[in-house]
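Subject: Structure handover and notes

Hello,

Here is the structure you are taking over. My notes follow below it.

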Amino acid sequence: MKLIKTQDAVGHILCHDITQIIKGVTKDALFRKGHIVTEEDIPLLLSVGKEHLYVWENDESMMHENDAAMVLLDMCKNDYMSYGEIKEGKIELKSEIHGLFKVDRKALFTVNSFGQMMIATRHSNTVVNPGDKLAGMRIIPLVIEKEKMKKVSSLISSPILEIKPFVLKKAAVITTGSEVYKGRIQDTFTPVIQSKLAEFGCEMVYHAICDDDDKMVTEKINEALTQGVDIVLCTGGMSVDPDDRTPLAIKNTGANIISYGSPVLPGAMFLLAYKGEVPIVGLPGCVMYAKRTVFDLILCRLLAKDTVTYEELCDLGEGGLCLGCDICTYPNCGFGK
């Protein structure tokens with residue numbers, strides 16, 4: 001491309017969009033890339049502050065911003081994603097489904113640290129719905145070396161972005177507590193869990209109410225597993241009181257305990273274990289009364305069959321103080337007002 005005065009641009013081909021911004025009215029392209037400038041266009045171009053223009057001048061070693069945006073898109077796009085038209089050198093990806101959005105942070109860093117290009121995404125491990133924006137990408141200059149785009153592409157072996165559908169559909173809920181088991185109070189915990197499961201199309205297909213007896217709880221967890229449930233959720237008995245036996249009961253199933261405790265408030269007494277591929281979760285009482293807790297951060301991942309590690313649970317400590325959805329310190333947790 002070459003730089004020329006706007007008054008001298010008649011007959012030349014624009015090599016980038018010309019944007020017009022009128023506060024409260026519009027922010028869109030006044031002229032698109034490829035437009036051939038006419039005499040009538042000159043006053044309009046000057047009115048948007050374009051004293052000079054870049055016009056097309058063929059150079060086989062360079063790539064236009066629109067073509068480069070498509071290269072970045074190819075590095076990101078995965079199943080269940082769609083994209084729109086390129087505007088002002090930028091292209092966006094949107095979700096086609098309700099699912100768990102994940103970002104390969106190392107690959108994203110590789111691209112964004114390469115220079116002259118950028119990809120901006122939602123936070124990883126958040127819930128997305130059909131039509132939600134996932135990412136936007138563009139190069140910074142109007143043209144870029146083809147060799148540079150080829151090199152960065154060679155460093156990305158698989159798509160940077162992923163959406164995992166929610167695939168676990170059958171849940172067991174084991175309610176623990178002598179006060180519920182002996183009919184002294186109503187079980188208000190289970191309906192909360194059912195409501196949260198329903199957000200992801202998961203249904204409670206097994207339910208048992210247990211006394212504060214670890215052997216009984218273990219028996220009911222194993223019984224639920226023999227019925228082919230996808231996930232087991234144990235409510236109550238998760239603290240450090242003498243009658244809190246749920247962690248022991250989960251351990252005695254032979255499950256692999258990933259963590260008992262999480263650096264998130266509310267939710268410090270959260271437990272995550274796996275027996276084979278089936279998650280077994282111990283839920284502290286805060287899940288019953290707090291609008292959002294560590295359980296909400298983890299449940300979406302479990303129902304998408306996205307394995308959660310001990311290191312990932314520990315990493316939740318940054319931003320792990322939940323002050324409610326009016327003042328949320330967890331970055332873009334997806335559970336706003």
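Helices (H or I, at least four residues) and strands (E, at least two) are DSSP runs, numbered from the N terminus. This is a predicted model, in which local features need pLDDT of at least 70, side-chain atom pairs count only at pLDDT 80 or more, and totals for chains, interfaces and linings use all residues. Residues are numbered from 1 along each chain as its sequence is written, and side-chain values use heavy atoms, with hydrogens and water left out.

Among the buried residues of H10 are Phe-295, Asp-296, Cys-300 and Arg-301. Lys-305 follows H10 and has a positive phi, near 55°.

Most residues other than glycine have a negative phi, and most peptide bonds are trans. Gln-116 has a positive phi near 70° and sits in the loop between helix H3 (105-112) and strand S9 (117-121). Its relative accessibility is 35%, so Gln-116 counts as partly exposed. Asn-125 has a positive phi near 60° and belongs to the loop between S9 and strand S10 (126-128). With a relative accessible area of 24%, Asn-125 is also partly exposed.

The peptide bond between Leu-265 and Pro-266 is cis, with omega about 0°. Pro-266 is in the loop between strand S17 (256-260) and strand S18 (271-275).

Strands S2 and S3

Strands S2 and S3 pair in the antiparallel sense over 5 bridges; two strands pair if DSSP finds at least two bridges between them. One of these bridges has Ile-21 facing its partner Lys-27 in S3. The hairpin has 3 residues between the strands, and Gly-24 takes a positive phi near 75° there.

Salt bridges

The whole structure has 18 salt bridges, each being a side-chain nitrogen of Lys or Arg within 4 Å of a carboxyl oxygen of Asp or Glu. I picked out a few.

- Arg-32 and Asp-17 form a salt bridge, with the closest N and O atoms 3.2 Å apart. This pair links distant parts of the chain, 15 residues apart: Arg-32 is in the loop between strand S3 (26-31) and helix H1 (41-47), and Asp-17 is in the loop between strand S1 (2-5) and strand S2 (18-22). Arg-32 is partly exposed because its relative accessibility is 30%, whereas Asp-17, at 10%, is buried.
- Lys-90 and Glu-92 meet through their side chains at 3.5 Å, N to O. Lys-90 is partly exposed at 36% relative accessibility, and Glu-92 is partly exposed at 24%.
- Glu-223 and Lys-220 form a salt bridge with the closest N and O atoms 4.0 Å apart. Both lie in helix H7 (residues 214-226), 3 residues apart, about one turn of the helix. An α-helix has 3.6 residues a turn, so residues three or four places apart point the same way. Glu-223 is partly exposed at 31% relative accessibility, and Lys-220 is partly exposed at 22%.

Salt bridges with shared partners also join Lys-102, Lys-164, Arg-301, Asp-306 and Glu-312 into one network. Arg-301 in this network is one of the buried residues of H10.

Gly-236

Is Gly-236 buried or exposed? Gly-236 is buried because its relative accessible area is 16%. It lies in the loop between strand S16 (231-235) and helix H8 (246-251). Apart from neighbours within four places in sequence, Gly-236 is in contact (heavy atoms within 4.5 Å) with Thr-176, Phe-189, Thr-246 and Leu-283. Gly-236 and Val-287 are 51 residues apart in sequence, and their C-alpha atoms are 9.7 Å apart in space.

Surface patch

Ile-13, Ile-36 and Trp-56 make a nonpolar surface patch of about 270 Å². Patches are made of residues with over 30% relative accessible area and no salt bridge, where like charges are joined within 9 Å and nonpolar side chains (Val, Leu, Ile, Met, Phe, Trp, Tyr) within 5 Å. Accessible areas come from the Shrake-Rupley method with a 1.4 Å probe, and for residues only the protein chains shown count as cover. Trp-56 is in the loop between strand S4 (52-55) and strand S5 (62-64), and at 37% relative accessibility Trp-56 is partly exposed.

Regards

Note on methods. Buried < 20%, exposed > 50% of the residue type's maximum accessible area, 1.4 Å probe, protein only.
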